[in-house]
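Please prepare a briefing on the structure shown below. Group the points by topic and state the cut-offs behind each term.

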Amino acid sequence: MLVRIKVSNSDVYSMDYEALEVGVGYRGKRLGEVRFQQGHVRAFGSSYVDAEVEFSGVGVFSDVVLLLEDLAKGTVPFDTVTEVRGKLGILFLHFPLQARVSCEVLVNTVNQTIFRHSCYEVSHNKLDWMS
């Protein structure tokens, strides 16, 4: 599946990432992932990354039934876990960056947009399906 991911930086620091990994799940089960190498986002800026998500966890019949029900409702709930490693910079100073953020994303299947999302920072041991 082709996706466009927006990497936003709402801080006064620039951000250089060495690795950016996004895992996609459905109803608590890992579906697939996408990985990016190196990028830069300026302070108060954003950058878009186009990628192809490789799905490896699709195929359980009960999940397919639930997915068909969600499609009939017009919205599909997805979970994402994003991990970024890199550096934050201000002037000539650079600080290490490592963050893991989980989002619950509700996708409108009619117009293929995000209907609602909620994100929060998580520790490394809370969501095992990403690892």
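The briefing below starts with the overall fold and then turns to surface, pairings and backbone.

This is a predicted model, in which local features need pLDDT of at least 70, side-chain atom pairs count only at pLDDT 80 or more, and totals for chains, interfaces and linings use all residues. Residues are numbered from 1 along each chain as its sequence is written, and side-chain values use heavy atoms, with hydrogens and water left out. The protein has one helix and eight strands, in the order β-β-β-β-β-α-β-β-β along the sequence. Helices (H or I, at least four residues) and strands (E, at least two) are DSSP runs, numbered from the N terminus.

**Overall figures**

- The protein has 131 residues, and 36% of them count as buried. Buried means under 20% relative accessible area, exposed means over 50%, and partly exposed is in between (1.4 Å probe, protein chains only).
- Among contacts in the protein with a separation of 6 or more, 61% come from residues 24 or more positions apart. A contact means heavy atoms within 4.5 Å.

**Surface**

- The protein exposes about 8,600 Å², of which carbon and sulfur atoms supply 56%. Accessible areas come from the Shrake-Rupley method with a 1.4 Å probe, and for residues only the protein chains shown count as cover.
- Val 12, Phe 44, Ile 90, Leu 91, Phe 92, Leu 93 and Phe 95 make a nonpolar surface patch of about 820 Å². Patches are made of residues with over 30% relative accessible area and no salt bridge; like charges are joined within 9 Å, and nonpolar side chains (Val, Leu, Ile, Met, Phe, Trp, Tyr) within 5 Å.
- Ile 90 belongs to strand β6 (residues 75-90) and is partly exposed, at a relative accessible area of 30%.

**Aromatic pair**

- The count of aromatic pairs comes to one. Rings of Phe, Tyr and Trp (its six-membered ring) pair if their centres lie within 6.5 Å; planes under 30 degrees apart count as stacked, over 60 as edge-to-face and the rest as tilted.
- The ring centres of Tyr 26 and Phe 78 are 6.1 Å apart and the planes are at 55°, so this pair is tilted.
- Tyr 26 is in strand β2 (residues 14-26) and Phe 78 in strand β6, so the pair links distant parts of the chain, 52 residues apart.
- Tyr 26 is buried at 4% relative accessibility, whereas Phe 78 is partly exposed at 21%.

**Disulfide**

- A search of the whole structure finds one disulfide, which joins Cys 103 to Cys 119 with an S to S distance of 2.0 Å. A disulfide here is a pair of cysteine sulfur atoms within 2.5 Å.
- The torsion about the S-S bond of Cys 103 and Cys 119 is about 110°, so the disulfide is right-handed.
- Cys 103 lies in strand β7 (residues 93-108) and Cys 119 in strand β8 (residues 113-121), 16 residues apart.
- Cys 103 counts as buried at 11% relative accessibility, and Cys 119 as partly exposed at 40%.

**Salt bridges**

- Seven salt bridges are found in the whole structure. A salt bridge is a side-chain nitrogen of Lys or Arg within 4 Å of a carboxyl oxygen of Asp or Glu.
- Arg 35 and Glu 21 form one of them (3.7 Å, N to O). Arg 35 is in strand β3 (residues 29-41) and Glu 21 in strand β2, so the bridge ties together parts 14 residues apart in sequence.
- Asp 70 and Arg 27 form another (2.9 Å, N to O). Asp 70 is in helix α1 (residues 61-73) and Arg 27 in the loop between β2 and β3, so parts 43 residues apart in sequence are tied together.
- Asp 70 is buried at 3% relative accessibility, while Arg 27 is partly exposed at 43%.
- Glu 83 and Arg 100 also meet in a salt bridge (3.5 Å, N to O). Glu 83 is in strand β6 and Arg 100 in strand β7, 17 residues apart in sequence, and both residues are buried.
- A network of salt bridges links Glu 21, Arg 30, Glu 33, Arg 35, Glu 83, Arg 85 and Arg 100.

**Backbone with positive phi**

- Gln 38, a residue other than glycine, has a positive phi near 50°. Gln 38 is in strand β3 and counts as exposed at 66% relative accessibility.
- Leu 91 is not a glycine either, and its phi is positive at about 55°. Leu 91 is in the loop between β6 and β7 and is exposed at 79% relative accessibility.
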